[in-house]
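Biologist: I would like to learn how to read a helix and a cavity in a model. Please take me through them step by step.

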Amino acid sequence: MRKTLLLSLLLCLGISFAQAQIQTPEQFLGYKPGDRFTPHHRMVDYFEHVAANNPNVKLIQYGETNEKRPLIIAILSSAENMANLEQIRTDNLKRAGLMDGTPSTSIPINWMSFNVHGNESVGMEAAISSFHTLADPTNSTSQEWLKNQVVIIDPAINPDGRDRYAMWYNQKMNTTLQPDLQSMEHSEPWPGGRANHYLFDLNRDWAWQVQVESQARLKMYQQWMPQLHLDFHEQGINNPFYMAPAAEPLHEQLTAWQHEFQDIFGKNTAKYFDEMGRFYFTKERFDLLYPSYGDTYPMYNGAIGMTIEQGGGGQAGIGGFNAVGDTVTLSYRIEGHYTAAMSATEMTSAHADKLLAEFAKYYDENSSNPKGQYKSFVIKGESNPAQVAKLLELLDKNGILYGKAGSKSGLKGFAYQTGKSGSFSTSDEDVVISAYQPKSVLAQVFFEPNPQLNDSITYDITSWSLPYAYGVEAYALESRLDPAGAYESPEFTPNSVGKTPVAYIADWQGTRAAAFLASLFNEGIRVKYPEFPFKTEGKSFPAGTLLITKGDNKYIADFDKKVTDAANKFGIELATTMTGYMEEGKDFGSPNIREIKAPKVALIGGQGTSSLGFGEVWHFFEQELNYPLSNLEMDNIGRYDLSKYDVIIIPATWGGGLSKPALDKVMDWVKAGGKLIAIDGALNLFANKEGFALKTFDSDEEKKAAEKESEEIAKAERLEPYQEGERLAISGGTEGSIYQVDMDVTHPLGYGTGGKYYTLKNSSSHYAYMDNGGNAGKILSNDSYRTGYIGYKIKSKMGGTLAIGSERQGRGNIIYFVDNPIFRGFWESGKLVLSNAIFMVGQ
């Protein structure tokens, strides 16, 4: 009896001891939430502390950032649910048809993500406070909610950007609160903390998974498939608080329940905000269209996705004056996000059964009767095998099923390349993606040729169709086409070392070919390309094919092994020839066989350049090409020795870009033999300037006609109602319209394209064909338009314009990309064209 009583006392003491050990954030960190910004590692310490002292909390490290910070989630629920956690997880996948079987549990999953943008800095602080409330065993309200759900908290999606901002701010902040926005603590330096290590916007990377953070997070997300996902952000300091319901345009695939629950959440949160006297707005600005957001991606996966935006942002710091003179403090901002997080948890608990029922219904109905216009999509396997393989990798990451098309004829569908309907046939080499599958909606959204816009005022791009992004031949069918069987990728037979040929020959197709070339350069191996097509030993090859010849590499130790190992690494099938004497085309000793000299490349960044554009190129070099790159500050161009570089890349610029002395120095370098690649807004440095071929208009008459047309439109718009101002403004712009670009395959910029490329236009910029330059990529006519929103004022002006070109300046070259060829790292086909500019032009 005494032993049993003692044991009971010890158990009670143990429980009390455990509860006492769960410190509040203030007790653990040594300051009140909102007094300063918490470093990421201290947040991790606190989460580990709570998990160590509460058996109903589980921490999982799901990945690591480029700067080696851990990516973690915390899983919280009741004791009963935690004991049954794996069953709850797998039951949820069964509910979606992603696993076989019938669910035996009825517990929804509520996932909350914080700090996807590093300098929207309240996120992680609010995550700490929300985590404490939900983990506190003495909080009867939160513990009651947890009986009806599993909560997953990702406290910092972007730790690298978060610490870049927080460490800078903690160094600059005044000891006494200083809300004067002119004080230096409120003026973040370039590139700011918004983006990750490679300066990517992770809130635009959910679907594409270009970055390591997204790849790791989405792998974990696919294992849980929550019913609810909240994405916590900040907006400008003069805005109040935004919450769901979302704004138009709302994608037509969204269900009535997805709309309804947003309204349920919004009204419940508004109730608490009304009690506190806080302002908020709903149904404005933040739409649900682009599929790679933290709200839309979950929506297209059957969840209720919601963006939450607190007014403040990086400018607010610990506290800053807004436009009416109120001090927007970090503590106030924490309160807003904390309230929204608790409201979501409360509503998940209250509507648990309906959330699960509608989630199951979503997957059942979409799998059996998809409501989109197009029911099947076919990718022609022979169109560009390298790009097809990359596209299938993306489908695998997103859990989208596909199979082989089989041999079928007499099919009709929308042909992406022509933009028109037509007949076609399929073979076992082709891939079919049927909408009759669990990931039906996501598949349809990825491939839909032309998303329906019920409002043209959008927050992001309006088209992203993957056949255009990857540059593959494809068709969309309004009828059902089931796979004929499992798709098997073309078998790759590893290259083996035999007798050394006169030359190894490699196709120049896709990013893997560029990575292969870069790996050869890293080994000191010389590579050439032919300027004309050729035929040897019965095989034909186009201009731009890679030639790795024995004669150029006789001093390379283990030459054959190094070439074949590199080819095998990147899946490159090598052809060989035992002669340099061509059946057709130029012999290998011809002056028209050009050596590709391994270039020394520099990228200009810093104040005045697009940090996102800079990051895309930086990531491409380091993570895809694995090729050396020097990063130069634009403000310091005047003091650099530019003769060290063969290629300089300028991403989009703003605010004037390079100063005149710096630009003069760069042009002296070009004329001495350098190669300058200008992208997007950087073309403004050269357009319509004396001495450059790049012009906005062909003639003065054309310019005058355009100015007259603009004046007439402006006169008409003066009579429009004031509230139509925003809509009138967008009529002169574009948000992700896609145009076919006809490529000159005889120009090095056109190598590997097969004569066609699809450009994603995000600006109204357009230029005339150059009189003294290479017009390598042209938008031939207005019929070249394929999809996406473009305003009526400029749509008629895009035909007959330059997309990609080059001009000689002295012994060097300037290459112009009117549009960003590697937008957000997911515009895959543009990577080859950019590689042409880097490695092929000017050799």
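Biologist: How many residues has helix α14, and what span does it reach from its first C-alpha to its last?

Modeller: Bear in mind that this is a predicted model. Helix α14 covers residues 352-368, which is 17 residues. From first C-alpha to last it reaches 25 Å, close to the 24 Å expected at 1.5 Å a residue.

Biologist: Which residues of α14 are buried?

Modeller: The general idea comes first. An α-helix has 3.6 residues a turn, so residues three or four places apart point the same way. In α14, the buried residues are Ala 352, Leu 355, Leu 356, Glu 358, Phe 359, Tyr 362, Tyr 363 and Asn 366.

Biologist: What covers the buried residues of α14?

Modeller: The cover includes the helices α5, α10, α11, α13 and α16, together with strand β9.

Biologist: What lines the largest cavity?

Modeller: The count is one cavity of 30 Å³ or more, and the largest holds about 30 Å³ of space. Its lining consists of Gln 227, Trp 257, Gly 302, Ile 304, Leu 355, Glu 358 and Phe 359. Helix α14 gives the most to this lining, with three residues. By class, the lining has four nonpolar, two polar and one charged residues.

Conventions
Residues numbered from 1 in each chain as written. Predicted model: local features only at pLDDT ≥ 70, side-chain atom pairs only at ≥ 80, totals over all residues. Heavy atoms only, no water. Helix = DSSP H or I, 4+ residues; strand = E, 2+ residues; numbered from the N terminus. Expected span 1.5 Å × (residues − 1). Buried < 20%, exposed > 50% of the residue type's maximum accessible area, 1.4 Å probe, protein only. Contact = heavy atoms within 4.5 Å. 1 Å grid on protein atoms, 1.4 Å probe; cavity = no way out; pocket = protein on both sides within 12 Å on 5 of 7 lines; lining within 4 Å. Points joined across faces, edges and corners; volume = space filled by probe spheres on them. Nonpolar A, V, L, I, M, F, W, Y, C, P; charged D, E, K, R; others polar.
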